[in-house]
Structure formats: structure tokens, C-alpha cells
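These are my notebook entries on one structure. I looked up the surroundings of the ligand and then the packing of helices.

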Amino acid sequence: MPTSNKKQNIKVVVTGGAGFIGSHLVDALIEKDYETHVIDNLSGGKKEDINPKAVFHKADIRELDALPSIIKGAKFVFHLAALPRVQYSIKHPAETHGVNVTGTLNILIAAKEGGVKRVIYSASSSAYGDQKTLPLREDMTPMPKSPYGLQKYIGELYARIWSEVHGLPTVSLRYFNVYGPRMNPDGAYALAIGKFLKQRKGGKPLTIWGDGTQTRDFTHVRDVVRANLLAAESTKVGKGEVINTGAGRNFSVNELAEFIGGPVVHEPPRLEPHDTLADNSLARKLLGWKSEVKLEDGIKELKKEFGIS
Ligand SMILES: NC(=O)c1ccc[n+]([C@@H]2O[C@H](COP(=O)([O-])OP(=O)(O)OC[C@H]3O[C@@H](n4cnc5c(N)ncnc54)[C@H](O)[C@@H]3O)[C@@H](O)[C@H]2O)c1
């Protein structure tokens, strides 16, 4: 039986709290004195990244029976657990569906049963796929290009339906390429920053898929954590809204490689959208959120952490 380290008596649950973004969110919640519980099966995350003041429950979100007793009585559930890998989802559609869709459904069922006041769902800009115009706005028709993008989109729809049909307050945050400390440089996620830093540190050329003109709206993990806290507390959301969480500036992969420095090599392009750029006006309006960390500064910080001058 895990022991509780509660200070404020307000219980919150973070699924995927051992992962990259989840572990930062757990740190921030503990900083705010929430009694913070983590659900994670450690398939991707690391136990050592879980704040020791959190209550850790090793559980799999695909197993509904394990969830209600952990979630019961929580004020907020931040649902981040996922298999967030585009290429992996193409090879393993059933496994990723089980975690990303059935797992999300299970969390919503347990949250409703457990009297949770709000579920904050980590959605993904991959729901957009390729659109004809930029920036990407929440009212565009999603056109995901991979099982992962589709699965994350289905999660948003389930969250909205749980609000409308079952009265469970939910909100979905569509993150755009999140980066920062603890990101996985080996992850097959379509995010070049971690991989580039590792290659640069190892004295290897930076591998660019395609011609490098593809652009991404890179968003720092601290900004994403802040968006989650605002989404939990805002009085303007809770009905299944979908809100872009992106810095609102995009950079090409070639520009990113220049920031990191060193020689580059090109490999064949991958199946991925050519550009992403968030219109974040809804986040400003509903959450009072805008990104604060500039890519140049975020990269500088990471280079220092990686010991790269
Ligand atoms: N990193 C990004 O750029 C990005 C962009 C858009 C959306 N997202 C979303 O944000 C969330 C967090 O992403 P991340 O980058 O921190 O990923 P991550 O892989 O670092 O974290 C995911 C966590 O979920 C856990 N997990 C996986 N399957 C599980 C299961 N069956 N039961 C319980 N736990 C399980 C893993 O162990 C891991 O700790 C995901 O929902 C992802 O789809 C991330």
C-alpha cells in the first residue's frame, strides 16, 4: 500500500507521471502542495524521474479494474499516459490503440465513477495532419496521417462525449512538439531536438529526414506544464474544449540543426506532416496562456545540460 505524503489534502492524479512531460507536471503539482498520485506502467517512463513526494501506483491504463480505487476522490486527473510514437503506431496499430484509445476511455470511466472534477487530456497536434493553410486552428477538420494521430484525436472525442453525455468536465490540450530536460533522445517521436543533441555530443553528424525544410512549432515543457495547471483551474473550460498548446512560432529542421551546430547528413523523408504552427489565440482567451520560453533559449539550456558548447 503506497504511503501518502499529502500536504494540502487535494488529491490529483497524473497518468504517465514517469514520462517526459508527466514527470515535470508532477514536480509542478508537488510544488503547489497537491497530494499527487502517479499512474504509470514504466513502459516508457523511468521510476527515478518520478518525484519522491508523489504516490506512485504501478498500473496499466488498459486494465480498467486497477483504476477506480486509485482515481477515486481526485479533484483533477491529468491524462498523459500514452504510447506517443508515430512510426511505432504504424507498425503496431493494435497495441498503440489499446493504450491510446482504450486506455483513455478507461481513465474517463474511472474518473466519472470516482467523482473527479476535471480531466485534462494531453492531446496532440498530430490530429491535424497536413492542412492547406497555416496556422493550425482548432476548428479545422482533423486529418491525421498515422494511427497515433488518429488515436489521440479519438481520445479528444471521447473526452468531449464524456462531458456531454456523462457530465464529466474535460478539456483537451493539443501539444505541439514538446521539448526540454528529460526528453528521450532515443524516442522515435518525430522530434529532432533530443536526437540532434545526442548526435552532436557523440561527435556524429545530425541526421535530417528529407530536405529539412519541414517546420515544427517547438514548445517548451515548462510552457506545457503551465498550460495544464491553467486548464485545471480555468473557469472557462470543462466542456470538452480542444485547445492548441503551441508556441506559435515555427522553425525548419534545418534551422534547428544550425542552432545545435555541426555537420548534417540527409536520410529519406518520413511519413509526417510537412509543417506545424499553432494558432494559440484560443489558449490565450480560455486559459490566459501564452508560451514564454523561446526556442533559442530552450536549446541553449539543453546544450548546457548535454555539455555542448
Ligand atoms: N512529447 C511531445 O512532443 C508530445 C506532443 C503531443 C502530445 N503529446 C502527448 O503528451 C503525453 C506525454 O508524452 P511524453 O512525451 O511525456 O511521452 P512519454 O513516453 O515520455 O510518457 C508517457 C508515459 O506513459 C506511460 N505509459 C505508457 N503506456 C502506459 C500504460 N499502458 N499504462 C500506464 N502508463 C503507460 C509510459 O511509461 C510513460 O511514462 C502523451 O499523451 C502524448 O501523446 C506529447
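Entry 1: The model I am reading is a predicted one. I then listed the elements that each supply at least two residues of this shell, and I found helix 1 (20-31), strand 2 (35-40), helix 4 (93-113) and strand 5 (118-124). In total, 32 residues surround the ligand. The closest of them are Gly16, Gly19, Gly45, Ala82 and Val178. Sorted by class, the shell has 16 nonpolar, twelve polar and four charged residues. I also looked up the domains: domain 1 (11-178 + 220-247 + 278-287) and domain 2 (180-216 + 250-276 + 294-306) each give the shell at least three residues.

**Entry 2: helix 1 and helix 7.** The axes of helix 1 and helix 7 (residues 221-233) come within 9 Å and cross at roughly 60°. The two helices are therefore oblique to each other. The crossing is right-handed. On the side of helix 1, I found Ile21, His24, Leu25 and Ala28 in the contact, and on the side of helix 7, Val221, Val224, Val225, Asn228 and Leu229. This contact has seven nonpolar and two polar residues, with no charged residue.

**Entry 3: helix 6 and helix 8.** Here I recorded an angle of about 35° between helix 6 (residues 192-201) and helix 8 (residues 253-260), with the axes 10 Å apart. Helix 6 passes helix 8 in a right-handed crossing. Helix 6 contributes Ala192, Ile193, Phe196, Leu197 and Arg200 to the contact, while helix 8 contributes Val253, Leu256, Ala257 and Ile260. Eight of the contact residues are nonpolar, one is charged and none is polar.

**Entry 4: helix 4 and helix 5.** I returned to helix 4, which supplies at least two residues of the ligand shell. Are helix 4 and helix 5 roughly parallel or oblique to each other? Their axes come within 10 Å and cross at roughly 15°. Angles under 35 degrees count as roughly parallel, and helix 4 and helix 5 are therefore roughly parallel to each other. Their crossing is right-handed. Among the residues that meet, I noted Pro93, His97 and Leu108 in helix 4, and Tyr148, Gly155 and Trp162 in helix 5. By class, this contact has ten nonpolar, seven polar and two charged residues.

Technical notes:
Residues are numbered from 1 along each chain as its sequence is written. This is a predicted model: local features need pLDDT of at least 70, side-chain atom pairs count only at pLDDT 80 or more; totals for chains, interfaces and linings use all residues. A residue is near a molecule or strand if its C-beta atom, placed from the backbone, lies within 6 Å of it. Helices (H or I, at least four residues) and strands (E, at least two) are DSSP runs, numbered from the N terminus. Ala, Val, Leu, Ile, Met, Phe, Trp, Tyr, Cys and Pro count as nonpolar, Asp, Glu, Lys and Arg as charged, and the others, Gly among them, as polar. Domain bounds come from an automatic or database domain assignment. Axes are lines fitted to C-alpha atoms, for helices over the stretch in contact, and angles run from 0 to 180 degrees between N-to-C directions. Angles under 35 degrees count as roughly parallel, over 145 as roughly antiparallel, 65 to 115 as roughly perpendicular and the rest as oblique. A crossing is left-handed if the near helix is turned anticlockwise from the far one by less than a right angle, and right-handed if clockwise. Two residues are in contact if their C-beta atoms, placed from the backbone, lie within 7 Å.
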